[in-house]
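My notes follow the order in which I checked them.

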Amino acid sequence: MHEHKEIKVRQLPNFINGKFVETGNTFDVLYPITGEVTAQAHAAGKAEVDAAVAAAQAALHGPWGKMSQAERSKMVRAIADGVNRRFDEFLEVEVLDTGKPYSVASHVDIPRGAANFETFADVLRENPTEAFRMDTPDGLGALNYGIRHPRGVIGIISPWNLPLLLMTFKAGPALACGNTVVVKPSEVTPSSATLLGEVMNEVGVPEGVYNVVHGYGETGALITSHPDVDGVTFTGETVTGSIILKAIAPTLKASSMEMGGKNAGIVFEDADLDLTIKELGRSCFLNTGQVCLGTERVYVHQSIFDKVADRLVDYAKNELKYGYPDEESTNFGPVVSDEHRDKVLSYYKLAEEEGAEVLYGGGAPTFGDERDGGSWVEPTIWKGLAHDSRVVTEEIFGPAVALIPFTDEDEVIKLANDTDYGLAATFFSTNSSRVHRVAPQLEAGIVWVNSWFLRDLRTAFGGMKQSGIGREGGVHGLEFYTEMSNVCVKI
Ligand code: NAD
């Protein structure tokens, strides 16, 4: 019997100009395990967003703007240390907001959140700009070289699935490049961004450099339409991304957009099946399927279709353990909210209407305890769905996967690419010629071979088609987090 922990309802103020600001206009943050209220976030209105943007503008010209690059890198690394020092607190609030197991948040969310500051701290020092010598009619020539400037105030609009990780993937490079930020975390998961405000003060980040405002889409819209915000970086749904692009158009801001996906997996007949099931299983079910890079449709060569289907069902049955987040064996939590549970379950129903055979799951578990108030769904595996069914073409963002047979390589590449999205693809093969032949033909910003979710932060991250505009990661993020000027010196 799991001991019920009394939840003390926390207040989550905004963080503006180095100070915590309550507005009294609160909204509840719920614990997806049981549905209890865990926090009340103070929604920011126009006055708070204006104050945050003004503080961020002022900070560009204060001590932060005057810091040497080396000093700033040191401070960004200190933020990583600060997160690690308070690792357990970050873990606690991330779990309360998302319901995810400690085993996931302690390996993925918090360490990768800290790593985003550590890794990007030296991004400017590590990536040279270009230099071109050119000829001139007088024979003396001219020298061109590029200089990177911070873009200015960056608005960061982030989602709920990996709250700290995805927000810091933007805040890390933004700060390392000398920008200041106004963050609007998801209304569903506002805690870790707020706690990070305390870390900023502890490590001496000047006031106004890092600001957090809470609220729903309306608060986000106050940032995206704000004339003094210089760039907007967004991660979330494609529909929201499109609304944001409209909102930034009148003030001509730069943007970086990471959006939805309907990522394909492919299992070729020559795949190493032990490895395939382990990696594919993770890619379908990690974080209860709420990973933008996760796999929701898997094309399996017909010669091994039944074997792969059976083994994936065994994986779901034996490897995924529901439970309370603090139980060591738990690796499968609820989805983030009742609203999202209802969306996922509506696809479970639709799958059956569209002719799916449910190989595993297909519903919501019941526990006979307080967890029945939470937002749970079962991991689910289908076969028999048509490639053009809604379940196979629309993003579900849950722990569900459709298995579809294929017969040859050209056919499966077409099937994988036949989508409006283009975020990630994952395929399994032991034939090295095939690996290098297939990988470049997949229309996805990130292609994994015989693996999934392995991320070197120096590499490009982003989506093709409706999954994204622009790339973050390593030198690529500099396109957005800096503005380049070319200096041309006539010799
Ligand atoms: P969402 O689009 O509903 O919300 C994302 C953020 O946008 C939230 O902070 C929300 O409050 C804000 N927002 C909503 N309307 C807004 C508006 N009009 N103006 C400004 N801000 C607004 O997304 P979500 O449900 O939080 O996240 C899940 C989605 O994110 C999925 O589609 C998933 O694929 C996608 N995602 C993509 C990536 C990636 O890197 N491509 C990573 C993670 C998640």
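Helix α13 came up first: its 16 residues (338–353) should span 22 Å at 1.5 Å a residue, and its end C-alpha atoms are 22 Å apart, which agrees. The expected span is 1.5 Å times one less than the number of residues. Helices here are DSSP runs (H or I, at least four residues) and strands are E runs of at least two, numbered from the N terminus.

I noted that the model is predicted: local features need pLDDT of at least 70 and side-chain atom pairs pLDDT 80 or more, while totals for chains, interfaces and linings use all residues. Residues are numbered from 1 along each chain as its sequence is written, and side-chain values use heavy atoms, without hydrogens and water.

G355 follows the helix and has a positive phi, near 95°.

A backbone N or O atom of S158 lies 2.8 Å from a ligand oxygen. For a polar backbone atom of E237 the distance to a ligand oxygen is 2.9 Å, and for one of G236 it is 3.4 Å. The protein covers 90% of the 850 Å² of accessible area that the ligand has on its own, by the Shrake-Rupley method with a 1.4 Å probe.

Last, I checked UniProt, where an unreviewed entry lists residues 24–487 as "domain: Aldehyde dehydrogenase"; such annotations may be inferred rather than shown by experiment. Over residues 24–487 I read 40% helix and 20% strand, with the end C-alpha atoms 50 Å apart.

Key:
Polar contact = N/O pair within 3.5 Å; in protein donor to acceptor, adjacent residues only side chain to side chain.
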